[in-house]
Amino acid sequence: MITVTVNGASHQVDVTEDMPLLWVIRDVIGLSGTKFGCGIAQCGACTVHVSGKPVRSCLYPIGQVGAQPVTTIEAIGQTPTGAKVQQAWLASEVVQCGYCQSGQIMSATALLDVTPSPTDAEIDQAMSGNICRCGTYVRIREAIHQAAEAGAAVGQPG
Ligand code: FES
Ligand code: FES
């Protein structure tokens, strides 16, 4: 048994240490907001936070998580930055098919947590590992700027 904390809840999962975190999140714990895209860390659809940092859960073995907290799209709106990002996403109507967007939001939130007012270049660099087949990149960038401004307006980073 492996114990993993996801979105503040502790789960005991009967899996091998090399099982990808994405499998545990989706198939064992049953949180389906995190998506499978490529399975080889190239598309970003599976992005979650481990200790607040974005990781590609399709290649991240559950055995490496240890006591670090995992946050998924289901709970990111409960963080101050995640809430601003989701509000900006709605206001900018970023989403098209939606498949890539949970990963996009997780990467954007991680960016704003460390860089509260990113430049276009910083946004492009931080988001470069998140592929969108629908081509929503311009609106993603707009929404990140909007979330950054919302953070500044209330005097909080991100
Ligand atoms: S599914 Fe993990 S990066 Fe594509
Ligand atoms: S919104 Fe469709 S893949 Fe990004």
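**Exercise 1.** Determine whether Asp120 counts as buried, partly exposed or exposed, and identify the salt bridge that Asp120 forms with Arg141.

*Solution.* Asp120 has a relative accessibility of 34% and therefore counts as partly exposed; buried means under 20% relative accessible area, exposed over 50%, and partly exposed in between (1.4 Å probe, protein chains only). This is a predicted model, in which local features need pLDDT of at least 70 and side-chain atom pairs count only at pLDDT 80 or more, whereas totals for chains, interfaces and linings use all residues. Residues are numbered from 1 along each chain as its sequence is written, chains are lettered from A and ligands numbered from 1 in the order in which they are written, and side-chain values use heavy atoms, with hydrogens and water left out.

The side chains of Asp120 and Arg141 form a salt bridge at 3.7 Å, N to O (a side-chain nitrogen of Lys or Arg within 4 Å of a carboxyl oxygen of Asp or Glu). Asp120 belongs to helix 5 (residues 120-127) and Arg141 to helix 6 (residues 137-153), so the pair ties together parts that are 21 residues apart in sequence. Helices are DSSP runs (H or I, at least four residues), numbered from the N terminus.

**Exercise 2.** State which residues are joined into one network by salt bridges that share partners.

*Solution.* The structure holds two salt bridges. Besides the pair of Asp120 and Arg141, Asp124 bridges to Arg141, with the closest N and O atoms 2.7 Å apart. Asp124 lies in helix 5 and Arg141 in helix 6, so this pair ties together parts 17 residues apart in sequence. Asp124, at 37% relative accessibility, counts as partly exposed. Through shared partners, Asp120, Asp124 and Arg141 form one network. Arg141 itself, at 30% relative accessibility, also counts as partly exposed.

**Exercise 3.** Describe how helix 3 packs against helix 4.

*Solution.* Helix 3 (residues 80-91) and helix 4 (residues 101-114) pack at an angle of about 130°, and their axes are 9 Å apart. The two helices are therefore oblique to each other; angles under 35 degrees count as roughly parallel, over 145 as roughly antiparallel, 65 to 115 as roughly perpendicular and the rest as oblique. Axes are lines fitted to C-alpha atoms over the stretch in contact, and angles run from 0 to 180 degrees between N-to-C directions.

Among the residues making the contact are Val85 and Trp89 of helix 3 and Ile105 and Leu112 of helix 4 (contact: heavy atoms within 4.5 Å).
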